[in-house]
Amino acid sequence: MRAIIQRVSRASVTVDGKIISEIQNGLLILLGIEDADGQEDIEWLSRKIVNLRIFSDADGVMNESLMNNGGDAIVVSQFTLHAAVKKGNRPSYIKASKPDIAIPLYEKFIAQVEIDLGKKIGTGIFGADMKIDLLNDGPVTIAIDTKNRE
């Protein structure tokens, strides 16, 4: 699994002109899924995200996590995170899972984040043409890959 985590002051997901998810302070999580992903990836990535200390404390130091500060989250599926651009100019998405594999893993990831965070989170709609509006706070943007746990 690959995720792009963006600390946001606000974020929303719109489909067909209707806002389907909206948060204020928290994290926008863009999630890419590949066939090799499984429950271990889901659990590790969820714990990592909700516990990342990337929010400012009272002294202005990034020392608080989403779990600590009570912030919200939106998870949006994004197969383009698995784009291969080594050859030519047209990205290949061969590593991105097809919907029959990706949708159940996406839903399990959402459920795991809700368990780890202790509350409901916002989502996109898998496979939909979504418009994401966000105000990146910081900016703070972090890339995480469960297959390359640096």
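Okay, a salt bridge here is a side-chain nitrogen of Lys or Arg within 4 Å of a carboxyl oxygen of Asp or Glu. Keep that in mind, and keep in mind that this is a predicted model.

So, let's start with Asp 41 and Lys 147. Their side chains meet in a salt bridge, 3.0 Å from N to O. That pair links distant parts of the chain, since Asp 41 sits in helix 1 and Lys 147 in the segment after strand 8, 106 residues apart. Is Asp 41 buried or exposed? It's buried, with a relative accessible area of 8%. Lys 147, at 42% relative accessibility, counts as partly exposed.

Lys 147 has another partner, too: Asp 37, with the closest N and O atoms 2.7 Å apart. Asp 37 is in the loop between strand 3 and helix 1, so this pair ties together parts that are 110 residues apart in sequence. And Asp 37 counts as buried, at 7% relative accessibility.

Back to Asp 41, which also bridges to Arg 149, at 3.9 Å between the closest N and O atoms. The whole structure holds 11 salt bridges.

Now the greasy side of things. The largest nonpolar core has 28 residues, and Ile 29, Leu 31, Leu 45, Ile 49 and Phe 109 touch the most other members. Several elements each supply at least two residues, including helix 1 and strand 3, but the largest share, 7 residues, comes from helix 3. Apart from that core lies another one, of 11 residues, among them Val 8 and Leu 30.

Technical notes
Residues numbered from 1 in each chain as written. Predicted model: local features only at pLDDT ≥ 70, side-chain atom pairs only at ≥ 80, totals over all residues. Heavy atoms only, no water. Core = buried A, V, L, I, M, F, W, Y, C linked by side-chain atoms within 4.5 Å. Buried < 20%, exposed > 50% of the residue type's maximum accessible area, 1.4 Å probe, protein only. Helix = DSSP H or I, 4+ residues; strand = E, 2+ residues; numbered from the N terminus.
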